[in-house]
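Please read the following numbered points alongside the sequence and the model. They take up individual positions, helix packing and the annotation in turn.

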Amino acid sequence: MKELRIRTLAAVFLVAGVLSWAGARLWNSVGTLPRVPLAAPIVLALIAVVLLATAISLRARLKAQRERVAGAKGVDPLMAARAVVFGQASALVAALVAGMYGGTGAFLLESLDIPARRDQAIYAGFSVLAGLAVIAAAFFLERVCKLPEDDDTNGTTASAA
C-alpha cells in the first residue's frame, strides 16, 4: 500500500481551489453564488475525530501487543489496513473539499462588507481548517499503522508470509 503524499494532497487542494474560485467568479456574474453549508466544517471535524480516535485506539492496542501485556486485544492486520485506506480516502476527499471551499472563501473575501457573504466566508474558512484536521489525522493514523522496518542482523532478508 502506498503512503499518502503531501504533494498529491497539495495539488488536489490547489487545483480544486483555483477551479472553485473561477467557478465562484463565473457564478457571481450570473447574480448568485452557491452557499457554503454550515454542516460542511462540522462533518469534516467529525471525520477528523473518528480518524483520530481510531489512530489512538490502534496505537494503544499495538503498544499493549508489543509489550505482551496479559489480556491485550490484538490488532487484526486486515482491520488496520482498512483503517489506513479509510484515512487515505478521507484525506483525498478532504483535500478536494477544503480546496473547493478555500477557493470559494477566497472569492468571498472581496465582499466581506455584506453580512451573508461574511458568514459564508467564515464557514468556508472553518471548512478548510477542518479539512486540514482530517488530513493531519489521516497522516497520524497511517503512521500508527506503519509496519516497523525489518531489523536485518544476519544479512538475510525476511520473507513475507
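1. Setting aside neighbours within four places in sequence, L51 is in contact (heavy atoms within 4.5 Å) with F86, G87, S90, V134, A137, A138 and L141. L51 lies in helix α2, residues 39–66, where helices (H or I, at least four residues) and strands (E, at least two) are DSSP runs numbered from the N terminus. L51 is buried, with a relative accessible area of 0%, given that buried means under 20% relative accessible area, exposed over 50% and partly exposed in between, for a 1.4 Å probe and protein chains only. Between L51 and A83 there are 8.2 Å in space, C-alpha to C-alpha, at a sequence separation of 32 residues.

2. On the basis of these values, this is a predicted model, in which local features need pLDDT of at least 70 and side-chain atom pairs count only at pLDDT 80 or more, while totals for chains, interfaces and linings use all residues. Residues are numbered from 1 along each chain as its sequence is written, and side-chain values use heavy atoms, with hydrogens and water left out.

3. L52 is also found in helix α2, but L52 is partly exposed, with a relative accessible area of 38%. Apart from neighbours within four places in sequence, L52 is in contact with A137 and F140. L52 and A95 are 43 residues apart in sequence, and their C-alpha atoms are 17 Å apart in space.

4. Two packed helices are described by the angle between their axes and the distance between the axes. Here axes are lines fitted to C-alpha atoms, for helices over the stretch in contact, and angles run from 0 to 180 degrees between N-to-C directions. For α2 and α4 the angle is about 15° and the axes are 8 Å apart, which makes α2 roughly parallel to α4; angles under 35 degrees count as roughly parallel, over 145 as roughly antiparallel, 65 to 115 as roughly perpendicular and the rest as oblique. The crossing of α2 and α4 is left-handed, a crossing being left-handed if the near helix is turned anticlockwise from the far one by less than a right angle, and right-handed if clockwise. By class, this contact has 23 nonpolar, three polar and one charged residues, with Ala, Val, Leu, Ile, Met, Phe, Trp, Tyr, Cys and Pro counted as nonpolar, Asp, Glu, Lys and Arg as charged, and the others, Gly among them, as polar.

5. The axes of helix α1 (residues 6–30) and helix α4 (residues 115–145) come within 13 Å and cross at roughly 165°, so that α1 is roughly antiparallel to α4. This crossing of α1 and α4 is right-handed, and the contact is made by I6, L9, F13 and N28 of α1 together with R117, V128, I135 and F139 of α4. Those residues divide into six nonpolar, one polar and one charged.

6. V85 has its place in helix α3, residues 77–108, and is partly exposed, with a relative accessible area of 45%. The axes of α1 and α3 come within 7 Å and cross at roughly 35°, and their crossing is right-handed.

7. The UniProt annotation "transmembrane region", from an unreviewed entry, covers residues 38–58, 79–101 and 121–141; such annotations may be inferred rather than shown by experiment. In the model, residues 38–58 are 95% helix and 0% strand, with end C-alpha atoms 31 Å apart, whereas residues 121–141 are 100% helix and 0% strand, with end C-alpha atoms 30 Å apart.
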